[in-house]
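Please read it beside the sequence and the model.

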Amino acid sequence: ARALLAGVYLRGIGLHRRPLPGVQGFSSSSDCDLQVCVVGSGPAGFYAAQHVLKLQKSAIVDVYEKLPVPFGLVRFGVAPDHPEVKNVINSFTQTMHHGRCSFYGNITVGKDISVEELKQAYHVVILAYGAQDNLMLEIPGESLHGVYSARSIVEWYNGVPGIQNLNPDLSCETAVILGQGNVALDVARILISPIDLLKKTDITSYSLEAIAASKVKRVLIVGRRGPLQVAFTIKELR
């Protein structure tokens, strides 16, 4: 029986599954190989693949990704001046080269293939993709020129395919960031970092050129709560 899982939990010695209502669960006692599909190749997807491969010795894992390349937020979400955070890519690369694991890029589930088709092809389908859209605040002015989501800015300087033409307006001296989490600090740091420092990173060439010509000299970080409730870590201040 094939099962689409609403949740997959890996705890020590085996898979604990919670099938959707009306869907028969998969029994790991089957004599055939366990065919597992992981949708999304970011940290969640690869950690799931790693645990399945480790705990189910007969499992075959296929990882599907919308982008041409793997690793999700590790590749496209980490600030270029903090390369040490990307070291986990080495572990994910080993997983991708595992004899029982395969990676398939440029495949959009829901467009190129449906979840229903995956359910028919695999015993287990793990949905491990991240947020695909921006969360709009629905406040006046958020659609004005010069207002960007942090997600778009991060994707722009990290080189997500299709975002290179964002061309954020950096012609003013002051930039304002709403939010006080790690991403807010990352964006602020990149906007005002010395260009010679950024040249030593893997930042995209087009964003490096834009930041070199930027007029931004000051970044204001606006938070809903006080400094004791900030969501960023000390590392993001460095």
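**Notes on the predicted model**

1. Residues 24 or more positions apart account for 72% of the contacts in the protein with a separation of 6 or more, where contact means heavy atoms within 4.5 Å. This is a predicted model, in which local features need pLDDT of at least 70 and side-chain atom pairs count only at pLDDT 80 or more, while totals for chains, interfaces and linings use all residues. Residues are numbered from 1 along each chain as its sequence is written, and side-chain values use heavy atoms, with hydrogens and water left out.

2. The protein holds 8 helices and 8 strands; these are DSSP runs numbered from the N terminus, with helices (H or I) of at least four residues and strands (E) of at least two. Of its 238 residues, 38% count as buried, that is, under 20% relative accessible area, with exposed meaning over 50% and partly exposed in between (1.4 Å probe, protein chains only). The protein exposes about 13,900 Å², and carbon and sulfur atoms supply 54% of that area. Accessible areas come from the Shrake-Rupley method with a 1.4 Å probe, and for residues only the protein chains shown count as cover.

3. The largest nonpolar core has 23 residues, of which Tyr157, Val187, Ile203, Ile211 and Val219 touch the most other members. Such a core is a set of buried Ala, Val, Leu, Ile, Met, Phe, Trp, Tyr and Cys residues joined through side-chain atoms within 4.5 Å. Two or more residues each come from helix H5 (150–158), strand E7 (174–178), helix H6 (182–192) and helix H8 (205–212). H6 gives the largest share, 5 residues. Domain 1 (33–127) and domain 2 (150–236) both contribute residues, so this core lies between them; the domain bounds come from an automatic or database domain assignment.

4. Which residues does Ile203 contact, leaving aside its neighbours within four places in sequence? They are Pro80, Tyr157, Ile190, Leu198, Leu208 and Ile211.

5. Helix H5 is mostly covered, with 7 of its 9 residues buried. Those buried are Ser152, Ile153, Val154, Glu155, Trp156, Tyr157 and Asn158, and they pack against helix H2 (72–76), H6 and H8. Just after H5, Gly159 adopts a positive phi of about 85°.

6. On the surface, a nonpolar patch is formed by Leu137, Ile139, Val176, Leu178, Leu220 and Val222, with about 540 Å² of accessible area together. Patches are made of residues with over 30% relative accessible area and no salt bridge, like charges being joined within 9 Å and nonpolar side chains (Val, Leu, Ile, Met, Phe, Trp, Tyr) within 5 Å. E7 and strand E8 (218–222) each supply at least two residues of the patch. Ile139 sits in the loop between strand E6 (124–127) and H5 and is partly exposed, at a relative accessible area of 41%.

7. Glu173 belongs to the loop between H5 and E7 and is exposed, with a relative accessible area of 52%. Glu173 and Lys215 are 42 residues apart in sequence, yet 5.2 Å apart in space, C-alpha to C-alpha. Beyond its neighbours within four places in sequence, Glu173 is in contact with Lys215, Val216, Lys217 and Arg218.

8. The whole structure contains 6 salt bridges, each defined as a side-chain nitrogen of Lys or Arg within 4 Å of a carboxyl oxygen of Asp or Glu. Asp81 pairs with Arg189, the closest N and O atoms being 2.6 Å apart. This pair links distant parts of the chain, 108 residues apart: Asp81 is in the loop between H2 and helix H3 (88–96), and Arg189 is in H6. Asp81 and Arg189 are both buried, and Asp81, Asp186 and Arg189 are linked in a network of salt bridges.

9. Two further salt bridges lie within helices. Lys119 and Glu116 meet at 3.4 Å, N to O; both lie in helix H4 (residues 115–121), 3 residues apart, about one turn of the helix. Lys119 is buried, at 17% relative accessible area, whereas Glu116 is partly exposed, at 43%. Glu155 and Arg151 meet at 3.5 Å, N to O, and lie 4 residues apart in H5, also about one turn. Glu155 counts as buried at 17% relative accessibility, and Arg151 as partly exposed at 31%. An α-helix has 3.6 residues a turn, so residues three or four places apart point the same way.
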